[in-house]
Amino acid sequence: MPANPSSASVLVVDDEPDLRTLYELTLLREGHAVVAAPDLTQAREWLAQQRFDVLISDMRLPDGLGLELLRELADAQRPEKCIVITAYGSAENAVEALKAGAFDYLTKPVDLKQLRSAVTAALQSQRLPQAAAANGAPATTPNGNNGPTDAQRKAPPTSSGAQSLRRIVGSSPSIVQIKGRIEKVASSMAPVLILGESGTGKELVARAVHDCSHRSAGPFVAVNCGAIPENLIEAEFFGARKGAYTGASADREGYFQAARGGTLFLDEIGDLPLAMQAKLLRVIQERRVRALGGVQEEAVDVRLVSATHRDLAALVQSGQFRQDLFYRLNVIGLRTPALRERREDLPGLVRALLARLCAESGQSVPDMSPRALAWLQSRELPGNVRELENLLQRALALSSGETLEPEDFGDADDSDEIPTQPDALSPADGPVAAAVRAPEDIPADLQTYLDEQERQVLLKALRECDFNRTAAAARLGLNLRQMRYRIQRLGIAMPSTDDDEPS
């Protein structure tokens, strides 16, 4: 192998001599050691002779499919990172390759800059376990390549990855399983779709996928797809040129440009409008974006992680979500378990949340009495970890001792209601309140009376959903924008702690 520590040994498999030579010359200029094969037969001969860092293979070859090599390498537990080249518009082939274990894919005609970037990323991903290994020195394989040993491939994630995994508190089987899946999928470029109820920590999982990957040094950009006005969503995602719309006084980057070299986390992807779904699909397929008002497209280098609490398969059936986009996003699926499915983790979650809340407020961490813990265990906690955090925050504010008791959580006998700010829980005094208390009377102001009735219905839905606006809107058959409008119009005060929905 060349002395350059950033170089790789690469095997290129393509039946077109011109393309094979082009890829070979491009990678040789980068300092990589390259060998080429025109078909599966010669590729297998090279693989039998030595190990490589990266394998680049066309999908269709004269004697078979490139996927056959991927599966053979996976079965033999070989360390090579595989990059598959697919024909233009062959979305199904790209998804199949990623599911078969490919690190990344490129679409013909191959952009040489993207080829170089893909090889660099694959090399970084392969050598990341070596950097994290305790001894720090790369082992040498029998053929002389500096490839990772089996022990190094099983090495723990880097410090940032390990820290992110520790934030996912719990030792229940479902949490152990999802942590293992995070470490396994982090080394790929395949899109990840995280499903789970509101408040189950989907963003924590997305952050862990990023921090455990070779992209951990790059940016992690989180976007709430349901919180962006529809008329601005394209500019927010892809950027805009000066004068593209009223108020665009200068060029600005979009989320894809901001996440360059890192991870773009699309939260609540199920709330994305259909028109934007089509544009997003094209970007995923072509890996290029055109800024609003721009002429030239630019290549984007991001890893996509999406999340939603909604049933995307049902949305596909009802025509509210594109099937082809769902197919592209759901290459690797992760599911965050609800708190009711891992009750054994509740004591550990309580300790971790109390430690964080007290560190933020600068107070000492109180003990939790057995009665208080039993009271928490008896609650349904439909808002999951977020509801648990809100309850603990309230108990810290109400407690006057060094030990939390059930009474510190408010009315411990009322397990169905989550009190919050007083003005958000009770109607204002005066004629309106009287109308609500006596609906049998004919109101003097019908609109005021109807507004108050609507206010009480919204409050009930919000309380039952732990003041998560997206979930409450779904309960009432509204979308998020309609819910926001009603909350603002009716003057409903919302708690300040709302992780999924930035104000």
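A residue is called buried here when its relative accessible area is under 20%. Keep that cut-off in mind during the tour of this predicted model.

**Stop 1: Glu387 and helix α17**

Select Glu387, in helix α17 (residues 384-398). Its relative accessibility is 2%, so Glu387 counts as buried.

The phi angle of Asn384 is near 60 degrees, a positive value in a residue other than glycine. Asn384 has a relative accessible area of 1% and is therefore buried.

**Stop 2: colour by confidence**

Colour the chain by pLDDT. The mean over the protein chain is 82, and 84% of the residues reach 70 or more.

Next select residues 1-5, where pLDDT stays under 50. The model gives this stretch 10 contacts beyond four places in sequence. Residues 497-503 also have pLDDT below 50, with 25 contacts in the model beyond near neighbours in sequence. Where pLDDT is low, the predicted coordinates should not be read in detail.

**Stop 3: helix α8 and what covers it**

Select residues 173-185, which form helix α8. The helix has 13 residues and reaches 18 Å from its first C-alpha to its last, close to the 18 Å expected at 1.5 Å a residue.

Which residues of α8 are buried? They are Ile175, Ile178, Ile182 and Val185. Turn the view to look down the axis of α8: the buried residues fall within an arc of 100 degrees, so they line one face of the helix. The face turned away from the buried side carries the exposed residues Pro173, Gln177 and Lys184. Covering the buried residues of α8 are elements including α7, β8 (192-195), α9 (202-211), β13 and β14 (332-335).

Of these covering elements, go to α7 and select Ser164, which is found in that helix (residues 159-167). With 2% relative accessibility, Ser164 counts as buried. Leaving aside neighbours within four places in sequence, Ser164 is in contact with Arg207, Ala208 and Asp211.

**Stop 4: salt bridges**

The model holds 30 salt bridges. Side chains of opposite charge can pair when their charged atoms come close.

Begin with Glu253 and Arg260, whose side chains meet in a salt bridge of 3.8 Å, N to O. Glu253 is partly exposed, with a relative accessible area of 49%. Arg260 is partly exposed too, at 42%.

Then select Asp271 and Arg310, which form a salt bridge of 3.0 Å, N to O. This pair links distant parts of the chain, 39 residues apart: Asp271 sits in the loop between β10 and α12 (274-286), while Arg310 sits in the loop between β13 (303-308) and α13 (312-317). Are the two partners buried or exposed in part? Asp271 counts as buried at 17% relative accessibility, whereas Arg310 is partly exposed at 29%.

Move to helix α20 (residues 446-464) and select Arg455 and Glu452. Their side chains meet in a salt bridge of 3.8 Å, N to O. Arg455 and Glu452 are three residues apart in this helix, so about one helical turn separates them. Arg455 counts as buried at 9% relative accessibility, and Glu452 counts as buried at 8%.

Finally, select Asp111, Arg282, Arg288, Arg290 and Glu297 together: these residues are linked in a network of salt bridges.

**Stop 5: two backbone details**

Zoom in on Lys108 and Pro109, which are joined by a cis peptide bond with omega of about -5 degrees. Pro109 lies in the loop between β7 (104-107) and α5 (112-132).

Last, select Glu268, in the loop between β10 and α12. Glu268 is not a glycine, yet it has a positive phi of about 50 degrees. At 2% relative accessibility, Glu268 counts as buried.

Key: Residues numbered from 1 in each chain as written. Predicted model: local features only at pLDDT ≥ 70, side-chain atom pairs only at ≥ 80, totals over all residues. Heavy atoms only, no water. pLDDT = per-residue confidence, 0-100. Contact = heavy atoms within 4.5 Å. Helix = DSSP H or I, 4+ residues; strand = E, 2+ residues; numbered from the N terminus. Buried < 20%, exposed > 50% of the residue type's maximum accessible area, 1.4 Å probe, protein only. Salt bridge = Lys/Arg side-chain N within 4 Å of Asp/Glu carboxyl O. Expected span 1.5 Å × (residues − 1). Arc of directions from axis to C-beta.
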